[in-house]
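Here is a short report on strand pairing and sheet packing. Keep the sequence and the 3D view open as you read.

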Amino acid sequence: MTEILVSGAGVAGPALARLLTRQGHHVTVVEQAVSLREAGYKVDVRGAATTVLHRLGVYEQARAADTGMRQITYVNRTGKPFAALPADLIMGRRGDDLEIMRGDLSRILHDAAGADFAFGDSIAELHDGPDGVDVTFASGRTGRFGLVVAADGLHSATRRRVLGDVPLRHLGGYLSIFTTANTLGIDREEVMYAEPGRLTFVYAMDPAGPARVGMIFADPRAGHDRRDGKRLVADAFAGGGWRTAQFLDAMREADDFYFDSLSQVEMPRWSSGRVVLLGDAAHCPAPSSGQGTSLALVGAWVLAEELGRAGHVEAFAAYERRMRPYVAKNMEFGRRMVKDMVPGGRLAIGFRNYGMRTLKFHPRKEQVIERVLAPLREAANAITV
Ligand SMILES: Cc1cc2nc3c(=O)[nH]c(=O)nc-3n(C[C@H](O)[C@H](O)[C@H](O)COP(=O)(O)OP(=O)(O)OC[C@H]3O[C@@H](n4cnc5c(N)ncnc54)[C@H](O)[C@@H]3O)c2cc1C
């Protein structure tokens, strides 16, 4: 039995904790937030990652929480719909693939983890010595761990501590998500509205329940302070059409506001001594890939499997060797799709809207979409677990 510390209770951290406790290790998950962060939009679990959910024993629970999305509707400046497409078709989901609210998945994995969770705390200092990693927490607590796993997301402080500062690859936009009242009365439907350089999307699972709003804007400047998120969104969307003003008011009131850049993490290595990176901390592919959650789940599986076979030196090397090609394919897809997520100028939007409007009349629309999404399906299955 090894004492293992995992930093971050998002998706990757609790998934790994579940697998390691099953191997008989004692796992502590330290999470900076005071409780599980259940914010965020809906996320996809595709391909190899669905196998991991089965192996974690939570697939049925996740399936039961599937968003059941029916349709994506595109509206113009006055809110008039000009195209509607079946959700499964356009999102490229097949077989066991599912879509779930990020917070629901995080909660399911947390409840299954069998680990000790320490909320409202974080690693303040870390010394990797011959007998283990000595950790001092922000709370003042101390501990010695056989292994430390950095699953603390895109801006991982643990990564910076052990592997130094590596600039993120900025993909030219920022994403915000928050909850508001479902004033559109939508039911398992997503409504999208694009203007040059900005995109608003709204989703609800139940006409009587809340809605989640996403607002994305283009900005080539990297490194905006995330604490300024609400102001940045308000500035970027000022004067927008459709219900922009109403959503900005709701955003100001929202207490689950999530804001981050559309960025990728490209690390030359994923471990140093007894410390290893997992999930977004190692290889965030950006939300435009739609694969961040799947990579996190698959990474947890591969890391746990390799740790079950060998000591940490060999296991970390094998984990990285197996994951790299799969990660590279998904990162590439994330870069390619960013132009679909961050709208360009008037011409690009006009072209895209024309495509959406006419797609339903296309005699081979399934094949057209299939062709666009083939690289995603290939990337989602580019590893054997
Ligand atoms: C609140 C939230 C909402 C999100 N919403 C979306 C979304 O709508 N769409 C999308 O594509 N992706 C979203 N993401 C990112 C998505 O969850 C990840 O890409 C993916 O699931 C990989 O998961 P992860 O566990 O590696 O990272 P994450 O899910 O980001 O989890 C990292 C966890 O580490 C914690 N943490 C951060 N720093 C520290 C620290 N120093 N010490 C301890 N804990 C720390 C964070 O609070 C978080 O709980 C969101 C992430 C968060 C945290």
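## Strand β11 and its partners

Strand β1 (residues 3-7) pairs with β11 in the parallel sense, over 4 bridges. Pairing requires that DSSP finds at least two bridges between two strands. Strands are DSSP runs of E, at least two residues long, and helices are runs of H or I, at least four residues long; both are numbered from the N terminus. S7 stands opposite A150 in β11. β11 also pairs with strand β18 (residues 275-277), again in the parallel sense, over 3 bridges. There, L277 in β18 is the bridge partner of A150.

In a regular strand, side chains alternate between the two faces of the sheet. In β11 (residues 147-150), L147 and V149 point one way, V148 and A150 the other, and all are buried (under 20% relative accessible area, 1.4 Å probe, protein chains only).

## Basis of the model

The model is predicted: local features need pLDDT of at least 70, side-chain atom pairs count only at pLDDT 80 or more, and totals for chains, interfaces and linings use all residues. Residues are numbered from 1 along each chain as its sequence is written, and side-chain values use heavy atoms, with hydrogens and water left out.

## The open sheet

An open sheet holds 7 strands in the order β5-β4-β13-β14-β15-β12-β16, with mixed pairing. β5 (81-86) and β16 (258-264) are at the edges; each has a single partner strand, so one side of each lacks a neighbour in the sheet. Neighbouring strands are turned by 20° against each other on average, direction ignored.

β13 (residues 189-195) and β14 (residues 198-204) run antiparallel, joined by 7 bridges. E195 has R198 in β14 as its bridge partner.

## A helix on the sheet

Helix α12 (residues 346-359) packs on this sheet and touches β4 (71-75), β5, β13 and β14. Contact means heavy atoms within 4.5 Å. The direction of α12 makes about 60° with that of β5. Axes are lines fitted to C-alpha atoms, for helices over the stretch in contact, and angles run from 0 to 180 degrees between N-to-C directions.

Terms used: Buried < 20%, exposed > 50% of the residue type's maximum accessible area, 1.4 Å probe, protein only.
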